[in-house]
Amino acid sequence: MRFRIWTTLFLVTIAQFAWGQTRGNAKLVSAEATTPEPSANSYTVLGATPEQEALVRAQIRVMQPDVYPLRVLFVPHWKYIDTARTFRLHVPAGYTSAMFTHLPSRSVFIDSDRYVSDDSLGYWVAHELGHLAANRASESDADKAAREYRKRLKDARKPDVH
């Protein structure tokens with residue numbers, strides 16, 4: 001009986017090493033060589049339709065913000081409310097919120113059920129990017145930083161007359 005137990009343990013141990021073997025010419029690759037360098041303006045857009053993603057990326061490209069978000073998340077209304085509650089978002093009395101920025105994670109959350117139009121999306125994304133640029137939750141600081149972004153959006157919409 002002891003012999004069988006030792007034989008089984010031996011085979012199980014050998015099997016673990018055998019699973020790691022490969023055929024052919026295996027080369028070791030360091031993680032540093034395969035991991036791309038994240039650029040300052042790379043961000044992820046999640047939960048958006050292809051049209052919404054293309055629009056928000058185009059608007060952010062035009063705005064050329066000082067600080068880019070790491071992620072832009074389009075979420076359904078229930079998830080938006082739950083996330084706002086989790087992050088303890090403070091909305092002044094009498095105001096509503098269709099999007100907010102979580103500064104520590106540099107994430108912009110957009111309530112996809114309250115997404116109104118393409119123009120309003122750019123207007124309010126500029127405000128959220130203003131929060132990132134100011135690195136403050138202050139609405140006035142965000143609006144001050146967003147003025148330049150909104151001006152760039154407006155200039156980009158003007159027809160080029162030459």
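## Basis

The model is predicted: local features need pLDDT of at least 70, side-chain atom pairs count only at pLDDT 80 or more, and totals for chains, interfaces and linings use all residues. Residues are numbered from 1 along each chain as its sequence is written, and side-chain values use heavy atoms, with hydrogens and water left out.

Helices (H or I, at least four residues) and strands (E, at least two) are DSSP runs, numbered from the N terminus. Buried means under 20% relative accessible area, exposed means over 50%, and partly exposed lies in between (1.4 Å probe, protein chains only).

## Nonpolar cores

In soluble globular proteins, nonpolar side chains tend to be buried together. A nonpolar core here is a set of buried Ala, Val, Leu, Ile, Met, Phe, Trp, Tyr and Cys residues joined through side-chain atoms within 4.5 Å. The largest such core has 19 residues, of which Val-56, Ile-60, Met-63, Val-72, Ile-110 and Val-125 touch the most other members. Two or more residues come from each of α3 (50–63), β2, β4, α5 (118–134) and α6. Helix α5 gives the most to this core, with 5 residues. Apart from this core lies another, of 6 residues, including Leu-73, Val-75, Tyr-80 and Ala-84.

Contact means heavy atoms within 4.5 Å. Leaving aside neighbours within four places in sequence, Met-63 is in contact with Gly-122, Val-125, Ala-126, Leu-129, Tyr-149, Arg-152 and Leu-153.

## Helix α4

In helix α4 (residues 77–86), the buried residues include Tyr-80, Thr-83 and Ala-84. These cover an arc of only 100 degrees around the axis, so they sit on the same side of α4; the arc is that of the directions from the helix axis to the C-beta atoms. Trp-78, Arg-85 and Thr-86 are exposed on the other side of α4.

The buried residues of α4 are covered by elements including β2 (71–75), β3 (99–102) and β4 (107–111). Just after α4, Arg-88 takes a positive phi of about 55 degrees.

Asp-111 is found in strand β4 and counts as buried, at 0% relative accessibility. The side chains of Asp-111 and His-77 are joined by a polar contact of 2.5 Å. A polar contact is a pair of N or O atoms within 3.5 Å; within protein, one must be able to donate a hydrogen and the other to accept it, and residues adjacent in sequence count only if both atoms are side-chain atoms. Not counting residues up to four places away in sequence, Asp-111 touches Val-75, Pro-76, His-77, Tyr-80 and Ala-98.

Pro-104 lies in the loop between β3 and β4 and is exposed, at 73% relative accessibility. The C-alpha atoms of Pro-104 and Leu-132 are separated by 9.6 Å, with the two residues 28 apart along the chain.

## Salt bridges

A salt bridge is a side-chain nitrogen of Lys or Arg within 4 Å of a carboxyl oxygen of Asp or Glu. The structure holds 5 of them. One joins Asp-155 and Lys-151 (3.3 Å, N to O). Both residues lie in helix α6 (residues 139–157), 4 residues apart, about one turn of the helix. Asp-155 is partly exposed, at 36%, and Lys-151 is partly exposed, at 47%.

Asp-143 pairs with Arg-150, with the closest N and O atoms 3.5 Å apart. Asp-143 is partly exposed, at 30% relative accessibility, whereas Arg-150 is buried, at 15%. Asp-141 meets Arg-136 at 2.6 Å, N to O, and Arg-136 is partly exposed, with a relative accessible area of 47%.
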